[in-house]
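Here is a briefing on one protein model. Have the sequence and the structure open as you read.

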Amino acid sequence: FESAVAESDAGGGSEDGSLAGDGRAGAALTSLQARLVEARGGPVRLGRYDVLRCIGSGGMGVVYEAVDVEHGQRVALKTRRSLSGLGLHRFKREFRCLAGVVHGNLVVLHELAVEDGEWFFTMEQVVGTNFAEFAQVGGELSGRRARYLGETLHVEEKVAPPSGVIEADGRGRGEAGARPRASFHEGRLRAALTQLAMGVAALHAQGKLHRDLNSGNVLVTPE
C-alpha cells in the first residue's frame, strides 16, 4: 500500500493531487502534452528522462510516466499547467516540503529540475488500484490477502446488496435511476485505512497537511 501524497503543504493550500484520471477534459494541452501528441506514441526527451505518456491530470498539474535513461528507472514526472511567479513558488515549495518526509506509505520524491524552461519534479511511480476500487467486494486485488499490522484478516465477503438498495442520500429504495450502494470488503478496508492513517500521521508529525486527500489520490499496491 502507498498513498500518492504528492500534494501537501506546511500551511498553504494545495492545488491538485490527482495521479490517476483526468479532471480537466477539454483543457488546453501543456507544451509537454503537445509534444507527446506530435510524437504519436513515441517517447519525448526532457533532460535525462524519456517521457512516455500522461497518467494523471488535475487543476494545476499534470503527471507523466517517464524513464530515467541514465539509471533505467521508471518514475512519475510532474509538471504544472502554468508557471506564473506565484505558481512556480508553490511548485517548488510542494517538492521541498515533502522531499524530507520518508515513510513506507508515502511516495518517495526524487529531484526538482528544469529543462528548456519546463519545471518538473520526479517521484516514485506507484502502480496499484485506487483506494475505493480496492476496498469494494470484487475489487481488483480481491484474490490477495489483506495485510493488517502484520496479521492477516480473514473476513468473509458479504453478498452485494440488491440493486434496489441505494446510497443514503434521501432517495427511496428502488427509485428509478438510483445508483446501487457499493459493498465494501471489511478486511481490505481495515487494512488500507490503517496504512493510510499511518502515512497521514507521518505527514502530520513533520508539520505537513495534505489538502486533497481522497480515494483517487491513494493507491493500493499488490505487496
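Arg48 is partly exposed, because its relative accessibility is 26%; partly exposed is the range between buried (under 20% relative accessible area) and exposed (over 50%), with a 1.4 Å probe and protein chains only. The model is predicted: local features need pLDDT of at least 70, side-chain atom pairs count only at pLDDT 80 or more, and totals for chains, interfaces and linings use all residues. Residues are numbered from 1 along each chain as its sequence is written, and side-chain values use heavy atoms, with hydrogens and water left out.

**Salt bridges**

- The structure holds 7 salt bridges. Each pairs a side-chain nitrogen of Lys or Arg with a carboxyl oxygen of Asp or Glu within 4 Å.
- Arg48 pairs with Glu111 at 3.2 Å, N to O. Glu111 sits in strand β8 and Arg48 in the loop between β4 and β5, so this bridge ties together parts 63 residues apart in sequence.
- Glu111 has 22% relative accessibility and so counts as partly exposed.
- Asp68 joins Arg48 and Glu111 in a network of salt bridges.
- Arg45 and Asp50 form another bridge, with the closest N and O atoms 2.8 Å apart. Asp50 is buried at 19% relative accessibility, whereas Arg45 is partly exposed at 43%.
- Glu65 and Arg74 also form a bridge, and their closest N and O atoms are 2.5 Å apart. Glu65 is buried at 8% relative accessibility; Arg74 is partly exposed at 44%.

**Nonpolar cores**

- The largest nonpolar core has 16 residues. Such a core is a set of buried Ala, Val, Leu, Ile, Met, Phe, Trp, Tyr and Cys residues joined through side-chain atoms within 4.5 Å.
- Leu98, Leu106, Val107, Leu109, Phe121, Met123 and Leu203 have the most contacts inside this core.
- At least two residues each come from α2 (85–99), β9 (118–124) and α4 (186–205). Helices (H or I, at least four residues) and strands (E, at least two) are DSSP runs, numbered from the N terminus.
- The largest share, 4 residues, comes from α2.
- Leu109 is in contact (heavy atoms within 4.5 Å) with Phe95, Leu98, Ala99, Phe121, Thr122 and Met123, leaving aside its neighbours within four places in sequence.
- A second, separate core has 13 residues, including Leu36, Val75, Leu77 and Ala113.

**Helix α1**

- The buried residues of α1 are Leu32, Gln33 and Leu36. They fall within an arc of 100 degrees seen down the helix axis, so they line one face of α1. The arc is that of the directions from the helix axis to the C-beta atoms.
- An α-helix has 3.6 residues a turn, so residues three or four places apart point the same way.
- On the other side of α1, Val37 and Glu38 are exposed.
- The cover over the buried residues of α1 includes β4, β5 (49–57), β6 (61–68), β7 (73–80) and β9.

**Positive phi in loops**

- Most residues other than glycine have a negative phi. Which residue just after α1 takes a positive phi? Arg40 does, at about 50 degrees.
- Arg40 lies in the loop between α1 (31–39) and β4 (44–46). Arg40 is exposed, at 78% relative accessibility.
- Asp116 has a positive phi as well, near 55 degrees. Its loop runs between β8 (109–115) and β9.
- Asp116 is exposed, with a relative accessible area of 74%.
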